[in-house]
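Subject: Handing over the model

Dear colleague,

I am passing this structure on to you, and the notes below it set out what was found. Please read them with the model open beside you.

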Amino acid sequence: MPELPEVETVRRGLQPVMEGARFAKVEARRRDLRWPLPKDFVARLENQTVEGLGRRAKYLLADLSSGEVLVMHLGMSGSFRVFQGGGENTPGKYHHERTQHLAHDHVVFHMGNGAIVTFNDPRRFGSMKIVARAKLDQEPLLRALGPEPLGNAFDAAMLAHACHGKKTSLKAALLDQRIVAGLGNIYVCEALHRALMSPKRRASTIATRTGAPNERAERLVDAIKAVLNDAIKAGGSSLRDHRRTDGELGMFQHNFRVYDREGQPCPTPGCNGTIKRIVQNGRSTFYCPVCQK
Ligand SMILES: [Zn+2]
């Protein structure tokens, strides 16, 4: 499943062709993705201009000139192809399926600038919804989300406050979308390793008795921001071969320090530990039991 860096890579790939452009024609080839497409989906998009293409957690948000927002989620296997000026590329493409059958091209945006943006989703866990911009705060998909991990609101004080008194593991706390939005299994494992903190550590131990941040909270926030920024810089990553807009392989997956590296030596300088896999809340955790305390 794409995580935040991959979605941000997709956003940056779509931004140049969608922002400032008008939906000249929209094709909805099915009535539903994960959920039914909104009522009058095509009519509410056609002739509207995309005033901005933003992101909240793993949702892409296209601000429309009508005052509505098109909220899009890639789900498990969704991707966009951009066809423009005789060339085609796929921003942040993931080869979850070996072939991208045209039969899975469910929504096609013909932009006024000549670009054609196609949403392909073999497994159909993706979604598209249209909501009024003024009501975006109350949108159930977005309402409960915590701050963006790369935004200014996410800092040591905020994280310590959220974890204060929590008896769950640090891993579980970081995966909780109400505490911080958009972090998934891969980058939580990677961030905890960079911070040299055990995924099994109690979440409450990054806060003082009064809920103020301690040194661990600072270290953890820095590690989360660093791992996400590095992944975005590398053009996102996925478990399988991943291509950026220019067709180059995204290299970040080769830079995973612990994820999917069970039995391999720990990359922390001076550590002679071996990466271990455990299961927490039904999901694999990879970590080094020697240097992650
Ligand atoms: Zn280690």
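Two strands are said to pair if DSSP finds at least two bridges between them, and the strands themselves (E, at least two residues), like the helices (H or I, at least four), are DSSP runs numbered from the N terminus. This is a predicted model, in which local features need pLDDT of at least 70 and side-chain atom pairs count only at pLDDT 80 or more, while totals for chains, interfaces and linings use all residues. Residues are numbered from 1 along each chain as its sequence is written, and side-chain values use heavy atoms, with hydrogens and water left out.

An open sheet of four strands has the order 2-3-4-10, with antiparallel pairing. Strand 2 (50-56) and strand 10 (127-132) stand at its edges with a single partner strand each, so one side of each is left without a neighbour in the sheet. From one strand to the next the twist averages 20 degrees, where axes are lines fitted to C-alpha atoms, for helices over the stretch in contact, and angles run from 0 to 180 degrees between N-to-C directions. Within this sheet, strand 3 (residues 59-64) and strand 4 (residues 68-73) run antiparallel and are joined by five bridges, and Leu61 stands opposite Val71 in strand 4. Helix 1 packs on the sheet, touching strand 2 and strand 3, and its direction makes about 175 degrees with that of strand 2; contact here means heavy atoms within 4.5 Å.

Another open sheet is formed by five strands in the order 1-8-9-5-6, again with antiparallel pairing. Its edge strands are strand 1 (23-28) and strand 6 (87-89), each of which pairs on one side only, and the twist averages 15 degrees from one strand to the next. Strand 8 (residues 105-111) is joined to strand 9 (residues 116-120) by five bridges, the two running antiparallel, and the bridge partner of His110 in strand 9 is Ile116. Helix 1 (residues 4-18) packs on this sheet too, touching strand 1, strand 5 (79-84), strand 8 and strand 9, and its direction makes about 35 degrees with that of strand 5.

The zinc site

The protein donors of the zinc ion are the SG atoms of Cys266, Cys271, Cys288 and Cys291, lying 2.3 Å from it; donors are N, O and S atoms within 2.8 Å of the metal (3.2 Å for Na, K and Ca), and water is not among the atoms, so sites may look incomplete. The angles that the four donor atoms subtend are 106 to 115 degrees, which makes the arrangement tetrahedral, a term used for four donors if all angles lie between 85 and 135 degrees. Along the chain the donors follow the spacing C-x4-C-x16-C-x2-C. Cys266 lies in the loop between strand 11 (242-243) and strand 12 (276-280) and Cys291 in the segment after strand 13 (283-287), so the pair ties together parts that are 25 residues apart in sequence. Both Cys266 and Cys291 are buried, meaning under 20% relative accessible area, with exposed over 50% and partly exposed in between (1.4 Å probe, protein chains only).

Other residues

Ser198, in the loop between helix 6 (185-194) and helix 7 (215-233), counts as buried at 9% relative accessibility. Leaving aside residues up to four places away in sequence, Ser198 touches Leu170, Tyr287, Gln292 and Lys293.

Notes:
Four donors count as tetrahedral if all angles lie between 85 and 135 degrees; four count as square planar and six as octahedral if opposite donors are over 155 degrees apart and all others between 65 and 115; anything else is irregular.
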